[in-house]
Amino acid sequence: MNDEASGIESYKPETDSDWLLQHVVDLTNTGISVPVTLTTAAGLVTGVTIHGAEYLDLFKLELTKNWPSDMQGTYSEVVEQWKADVYPQPSSVEHDGPEHFASFIHLKDARVVNAGTVVPGNRGMIWRGRLSSVIGFTVGVLSPSSAGEE
C-alpha cells in the first residue's frame, strides 16, 4: 500500500521495532506524553513517555543528588552537551519529519511488574529501554493495585 498522504510507506523505523510504538516516541519528542505499558523480556514496564532530553535531566538529578556541588556542576555541563548533540532544538533543524528514528523509549513514573511484584514499590522511577527489545505495548498505565500491589 502506497499512501502518500499518510506517509505510511515512507515511515521506516529502526529494523525490528514496532512502527506504531516508534510513532508514539516521535509524538513524545514533540511534547505529547503518552501513558504506556510495555511488554519486555523482563516483564511489564508501565509509565509515561517523556522526551529524551527530559530523561537526561531526570537521570542527572537522580545520579548526582548526593554528589558534592562542584561535581554536579561539571556533570550538568556534560549532560547539556549530550542534549545538544542528540536532541537539537526544533528551530535549529529543518523538519519534514523525523531526521532519524529514535532507538530508545524513555518513561517517568515507571514501574516494572514481574510475577505480580511491582518495583519500585514506594515511587515511580525513570526508565530507558531499546525500542527493538519491546515485545508489545498498550496505551495506559497499570495502577499499583491492578499490578499486584495493595
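I take a cavity, on a 1 Å grid over the protein atoms alone, as a set of points where a 1.4 Å probe fits but cannot get out, and lining residues as those with an atom within 4 Å of a point. Grid points are joined across faces, edges and corners, and a volume is the space filled by probe spheres set on the points.

The model is predicted: local features need pLDDT of at least 70, side-chain atom pairs count only at pLDDT 80 or more, and totals for chains, interfaces and linings use all residues. Residues are numbered from 1 along each chain as its sequence is written, and side-chain values use heavy atoms, with hydrogens and water left out.

**Cavity**

I searched the whole structure and found one cavity of 30 Å³ or more. The largest cavity holds about 30 Å³ of space. I listed its lining as Val 25, Thr 28, Asn 29, Thr 49, Ile 50, Phe 104, Ile 105 and His 106. Helix H1 (19-28) and E3 are the elements that give two or more residues to this lining; helices (H or I, at least four residues) and strands (E, at least two) are DSSP runs, numbered from the N terminus. E3 gives the most, with three residues.

**Phe 104 and the core**

I looked at Phe 104 again: the charged end of Arg 128 sits over its ring, 3.8 Å from the centre. The test asks for NZ of Lys or CZ of Arg within 6 Å of the ring centre and within 35 degrees of the ring normal.

Ile 105 also turned up among the residues with the most contacts inside the largest nonpolar core, which has 15 residues. Such a core is a set of buried Ala, Val, Leu, Ile, Met, Phe, Trp, Tyr and Cys residues joined through side-chain atoms within 4.5 Å. H1, strand E1 (35-40) and E3 each supply at least two residues of this core. E3 gives the most to the core, with four residues.

**Pocket**

I then read off the second largest pocket, at about 170 Å³. A pocket is an open set with protein on both sides within 12 Å along at least five of seven lines. H2, strand E3 (104-114) and strand E5 (125-130) each supply at least two residues of its lining, and the largest share, three residues, comes from H2. Among the lining residues are Leu 58, Leu 61, Glu 62, Lys 108 and Arg 123. By class, this lining has five nonpolar, one polar and four charged residues.

**Aromatic pairs**

I found three aromatic pairs in the whole structure. Rings of Phe, Tyr and Trp (its six-membered ring) pair if their centres lie within 6.5 Å; planes under 30 degrees apart count as stacked, over 60 as edge-to-face and the rest as tilted. Tyr 55 and Phe 59 have ring centres 6.0 Å apart and planes at 25 degrees, so I logged the pair as stacked. The two are four residues apart in helix H2 (residues 52-64), and therefore separated by about one helical turn. Tyr 55 is buried at 9% relative accessibility (buried is under 20% relative accessible area, exposed over 50%, partly exposed in between; 1.4 Å probe, protein chains only). Phe 59 is partly exposed at 30%.

Trp 67 and Tyr 75 are edge-to-face, 5.5 Å centre to centre with 65 degrees between the planes. Trp 67 is partly exposed at 29%, whereas Tyr 75 is buried at 15%. I put Trp 67, Tyr 75 and Trp 82 down as one aromatic cluster.

Key:
Ala, Val, Leu, Ile, Met, Phe, Trp, Tyr, Cys and Pro count as nonpolar, Asp, Glu, Lys and Arg as charged, and the others, Gly among them, as polar.
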